[in-house]
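This report describes one protein chain, shown below in sequence and structure.

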Amino acid sequence: MSGLKLNASTSLVDDEGVDLVFHRREKSTTLAVQVKSRTTATKGISQRNRFYATVRAATFRPRADLYLLFVPVDAEDGTFPFVWFVPSKQFGRRPVNGRGRRVFSASTKDGSKDQWSKFRVERADLADEILAAIKNLGPR
């Protein structure tokens with residue numbers, strides 16, 4: 001748990017693909033996060049155990065202080081058991097498809113060893129992962 005060291009803010013305008021901004025209390029370094037969520041009732045998740053999301057290449061600018069948060073939301077209780085917390089520079093290596101988008105496709109199965117499994121974070125560990133990412137950015 002973050003021990004109440006983590007603060008979050010939302011953007012007034014989503015013109016840079018940033019949905020949330022996190023910072024550690026009493027520090028100025030910030031981490032921008034783009035959120036992509038899908039409910040478990042979505043056909044791909046419920047039938048194929050896969051989470052799919054796309055990010056428009058025209059507006060996506062990978063940088064050290066930007067992460068993507070892919071969230072499978074449980075349709076029944078509105079919570080999420082885990083997420084994928086992916087550095088934008090890592091995601092930016094994905095090829096752009098014919099529709100001008102980068103595609104994220106990950107297995108939702110426990111123990112999966114797909115290319116995104118190393119970025120999978122349990123809900124209880126998410127705040128600590130965000131704090132670690134902020135710390136890795138260094139002081140600004």
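Predicted model: local features only at pLDDT ≥ 70, side-chain atom pairs only at ≥ 80, totals over all residues.

In helix α3, the residues Leu-126, Ile-130, Leu-131, Ala-133 and Ile-134 are buried. Seen down the axis of α3, these buried residues fall within an arc of 160 degrees, so they line one face of the helix. On the other side of α3, Lys-135 and Asn-136 are exposed.

What covers the buried residues of α3? The cover includes the strands β1 (6-10), β2 (20-24) and β3 (30-39), together with β5, β6 and β8 (120-122).

Helix α3 itself runs over residues 126-137. Its 12 residues, at 1.5 Å a residue, should span 16 Å, and the end C-alpha atoms are 17 Å apart, which agrees. Just after α3, Gly-138 takes a positive phi of about 80 degrees.

**Nonpolar cores**

The largest nonpolar core has 18 residues. Those with the most contacts inside this core are Phe-51, Phe-70, Trp-84, Val-86, Phe-91, Phe-104 and Trp-116. At least two residues of the core come from each of the strands β4 (50-56), β5 (66-73), β6 (82-87) and β7 (101-107). Apart from this core lies another, of 15 residues, with Leu-6, Phe-22, Phe-85 and Ala-133 among them. Ala-133 is also one of the buried residues of α3. In soluble globular proteins, nonpolar side chains tend to be buried together.

Which residues does Trp-116 contact, leaving aside its neighbours within four places in sequence? Trp-116 is in contact with Trp-84, Val-86, Gln-90, Phe-91, Arg-94, Phe-104, Ser-105 and Ala-106, with those neighbours left aside.

Ser-107 has its place in strand β7. With a relative accessible area of 9%, Ser-107 is buried, because buried means under 20%. The side chain of Ser-107 reaches the backbone nitrogen of Lys-109 at 3.1 Å. Not counting residues up to four places away in sequence, Ser-107 touches Asn-49, Arg-50, Trp-84, Ser-112, Asp-114 and Arg-120.

Gly-100 sits in the loop between α2 (88-91) and β7. Leaving aside neighbours within four places in sequence, Gly-100 is in contact with Val-55, Arg-56, Ala-57 and Ala-58. Between Gly-100 and Ala-41 there are 26 Å in space, C-alpha to C-alpha, and the two are 59 residues apart in sequence.

Most residues other than glycine have a negative phi. Glu-26 has a positive phi of about 65 degrees although it is not a glycine. Asn-49, also not a glycine, has a positive phi of about 55 degrees. Glu-26 has its place in the loop between β2 and β3, and Asn-49 in the loop between α1 (43-48) and β4. Asn-49 is one of the residues touched by Ser-107.

| Residue | Relative accessible area | Class |
|---|---|---|
| Ser-107 | 9% | buried |
| Gly-100 | 30% | partly exposed |
| Asn-49 | 31% | partly exposed |
| Glu-26 | 77% | exposed |

Notes: Residues numbered from 1 in each chain as written. Heavy atoms only, no water. Core = buried A, V, L, I, M, F, W, Y, C linked by side-chain atoms within 4.5 Å. Buried < 20%, exposed > 50% of the residue type's maximum accessible area, 1.4 Å probe, protein only. Helix = DSSP H or I, 4+ residues; strand = E, 2+ residues; numbered from the N terminus. Contact = heavy atoms within 4.5 Å. Polar contact = N/O pair within 3.5 Å; in protein donor to acceptor, adjacent residues only side chain to side chain. Expected span 1.5 Å × (residues − 1). Arc of directions from axis to C-beta.
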